[in-house]
Amino acid sequence: MQSRRNKGKLLRQLRDYGIITIAMMLGVIGLNLFLLPNEITTGGIMGVASIVYWGTGIPVQNTFFALNGVLLIIALKVLGWHFCAKTIYGVVVFTVGSAILQSVIPPGLHLLADQKFMACMVGAVFLGTSIGMGLSAGGSTGGSDVIAAMIHKYRDVSLGHIILFCDLTIITSSYVVLQDWEKVLYGYVLLFVISFVVDHLVNSLRQSVQFFIISQKYEEIGKRINVDADRGVTVVNASGFYSGQDVKMLFVLAKQRQAPAIFRLISEIDPHAFVSQSAVIGVYGEGFDKIKYKAKKEHGV
């Protein structure tokens, strides 16, 4: 059983790194094909790197990598190696991906050059998806994502809102280089759309469900859920009102993405089991979200 759990953890780690890889490549496409050519500023380290690029010509990936290196050194003490390892991986993938894409893009290529608002929307969807997927897998693109993750560790605050407030100043400062308030306004629009996409994606990926399962084979089902889905199972003593018979009912909390696997193993063991599934607003505790609450001190205490 222990070996199966270790294998499950390894597969989840590989899945996380695969998600981070895809997420970073989406961010690379959004930034380099839609935002940089149209001089639309985003926030965070990407925004700072973009402003430096427009002002000095220094490649975006160079500034992006250097500034993230400094920020991650600070984040190591707060978030630990587990989070930072994935973030470092994400930053490296983003940096290398940007360098490769810029080397193959024909000079002067401007996608949607005559439709800046559409370029802003498409770029926002790519970047928001990139950030949301990275955070859901335990990593990020660095920059304001890392700041958001550090704050979110202690406060139950919207990740998108944290990123929003961190980035407003950066976008406003782009006027110094661009000298065009219209482009700055596009940056504000971009930021709001990214914030919306991040919140929607992270909340949907973190959604949890609960199961009530009644079956004569409850022991076998419970063991399989423990091992295959790596989820805890609570056995509840119950009785049927009509039949008057005592039954064992399993109570399970799991992530939404694990629901199909749980249904599949129940069907394999007992196709006639009685199963109730429902969505839950929030689940806090081991294996789920941490409770982020700090009681306010009374005056004079």
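Student: Which residues touch the most other members in the largest nonpolar core?

Tutor: In general, nonpolar side chains tend to be buried together in soluble globular proteins. This model is predicted. Its largest nonpolar core has 41 residues, and those that touch the most other members are Leu31, Ile40, Phe64, Phe94, Leu190 and Ile194.

Student: Which elements give two or more residues to this core?

Tutor: They are the helices α1 (2-35), α2 (44-56), α3 (60-104), α4 (116-136) and α8 (181-205). The most comes from α3, with 10 residues.

Student: What lies apart from this core?

Tutor: Another core, of 15 residues; Val209, Ile225, Val252 and Leu265 are among them.

Student: How should I read the sheet, and what is the order of its strands?

Tutor: Take the order of the strands, then the pairing. Here four strands form an open sheet in the order β2-β3-β1-β4, and the pairing is antiparallel. At the edges are β2 (233-239) and β4, each of which pairs on one side only. From one strand to the next, the twist averages 25°.

Student: How many bridges join β2 to β3?

Tutor: Seven, and the two strands run antiparallel.

Student: Which residues of α10 are buried?

Tutor: To read a helix, list its buried residues and then look down its axis. In α10 (residues 259-269), the buried ones are Ala259, Ile262, Leu265, Ile266 and Ile269. Seen down the axis, they fall within an arc of 135°, so they line one face of the helix. Leu265 also belongs to the core of 15 residues.

Student: What does the face of α10 turned away from its buried side carry?

Tutor: That face carries the exposed residues Pro260 and Glu268.

Student: What covers the buried residues of α10?

Tutor: The cover includes the strands β1 (208-214), β3 (246-255) and β4 (274-280), together with the helix α9 (218-228).

Student: Which residues of α9 are buried?

Tutor: In α9 these are Ile221, Gly222, Ile225 and Val227. Ile225 is also listed in the core of 15 residues.

Student: Which residue with a positive phi follows α9?

Tutor: That residue is Asp230, with a phi near 55°.

Note on methods
Residues are numbered from 1 along each chain as its sequence is written. This is a predicted model: local features need pLDDT of at least 70, side-chain atom pairs count only at pLDDT 80 or more; totals for chains, interfaces and linings use all residues. Side-chain values use heavy atoms; hydrogens and water are left out. Buried means under 20% relative accessible area, exposed over 50%, partly exposed in between (1.4 Å probe, protein chains only). The arc is that of the directions from the helix axis to the C-beta atoms. Contact means heavy atoms within 4.5 Å. Two strands pair if DSSP finds at least two bridges between them. Axes are lines fitted to C-alpha atoms, for helices over the stretch in contact, and angles run from 0 to 180 degrees between N-to-C directions. A nonpolar core is a set of buried Ala, Val, Leu, Ile, Met, Phe, Trp, Tyr and Cys residues joined through side-chain atoms within 4.5 Å.
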